[in-house]
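Please have the sequence and the 3D structure at hand.

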Amino acid sequence: MQETVPDTPAVDTALLEAAGAALAAIHFGVPLAYYLYLRRAWLRRPWGLRRDPGYTPRVVVVVPTYNEADLIERKLDDIYRQDYPREKLEVVVVDSASTDGTPEKARRWASKHPDLKVRLVEEPARRGKAHALNTALKHIPPDAEVVILTDADSFWPQRDTVRRAVAYLADPTVGAVSCLKKPAGQGPGGVEEAYRSLYNQVRLAESKAHSTPIFHGELAAYRKSLLEEIGGFPEDLGADDSHTATLIALKGRRAITPEDVWCTELVPRKGYTRWRIRRAQHLTQHFQKILKTSHKTPSQLKRILAVEAYLHLANPWLLPAAAALLALAAAHKSPSAIILLALAAALLAYKPYRTWITTQLYLTAAMIRNLHTKEITWEKQTKQ
């Protein structure tokens, strides 16, 4: 005798469809609305700042290294090419117990370029980038006014990059300046290039509104006095550059990424996904912590922080939730759910959509991974 399988009530399928579609609409609608708002309200506005190209305070460039033997000389050459007044420029290389000869190469480079002051600080053990930066701060001359951080695996395409960044610090309302990023590689499926193209516009528009909460390690310039005021760099999370800039913004100074300061970032040849997840881990750590310290936020910055925290911490979870509900409805032969899922799959051929989806997956993976490791130190990857 054949067993009869009862039909699933139609109302259940309709609820699954409606819930899945609603979550998907929120997931895509909120960031799209934020992006369109930034473009319309802020992207093309003038800065309203007193930018002075002739402002040349004493600057110290800090380069944190760990096993950067393949890159350190190229990085120092890059800094050396800057047309900033030599007597006002100094470099501190802080090495965290490299095992590949990075300190020796830095020392050798410095001996060949006596006209640029280079100080090598060696840590006995690797304790994370922020710890290294705080170590470097102890070796910065008292008369230095600006501290610029820059990763060894990044480069400045303009000879006047330092001068351009510092020009914005001539305005006393600006406390920190970062750069827009151009990746040296496209990443799998071109997602890295598309990701940067979109987020450069977001960072720029947020900066014009007040401040952007996301800074870049390729170039992050801070007023030294403000670094001292906030107690240096946070050692309990990975996004030391972004978190430090946001703490400065919370004190009422602006943290900005101007359109005329660019950096080039190398992209891993292998392990791209792991690299992106680690970076997403650091950003989610940053937003989780900043939410607990933003009670005195200036109003415009408060809106930016609220949206960015939502986009990094909550919105990514709506995507798998929507997909799961629609998949369940599709399993019960819902035509609408099947069409929506097929459309979502077909759109993966469209690079901006594919870039968005992969970014959301990196963020969800990052938050899960943060439950058991913060990746304060990590395995070095070969970059192109």
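## Terms and source

A residue is called buried when its relative accessible area is under 20%, exposed when over 50%, and partly exposed in between (1.4 Å probe, protein chains only). Helices (H or I, at least four residues) and strands (E, at least two) are DSSP runs, numbered from the N terminus.

This is a predicted model, in which local features need pLDDT of at least 70, side-chain atom pairs count only at pLDDT 80 or more, and totals for chains, interfaces and linings use all residues. Residues are numbered from 1 along each chain as its sequence is written, and side-chain values use heavy atoms, leaving out hydrogens and water.

In helix 4 (residues 129-137), eight of the nine residues are buried. Among them are Lys 129, His 131, Leu 133 and Asn 134. Their cover includes strand 1 (59-65), strand 3 (117-123) and helix 8 (240-250).

Helix 5 (residues 161-168) has six buried residues out of eight, including Val 162, Val 166 and Tyr 168. The buried residues of helix 5 pack against strand 1, strand 4, strand 6 (174-178), strand 9 (254-256) and strand 10 (262-265); contact means heavy atoms within 4.5 Å.

## Nonpolar cores

A nonpolar core is a set of buried Ala, Val, Leu, Ile, Met, Phe, Trp, Tyr and Cys residues joined through side-chain atoms within 4.5 Å. The largest has 44 residues, and Val 62, Leu 149, Ala 176, Phe 215, Tyr 222 and Phe 233 touch the most other members. Helix 9 (residues 272-290) gives this core its largest share, seven residues. Another core, of 43 residues, lies apart from it and includes Trp 42 and Val 261.
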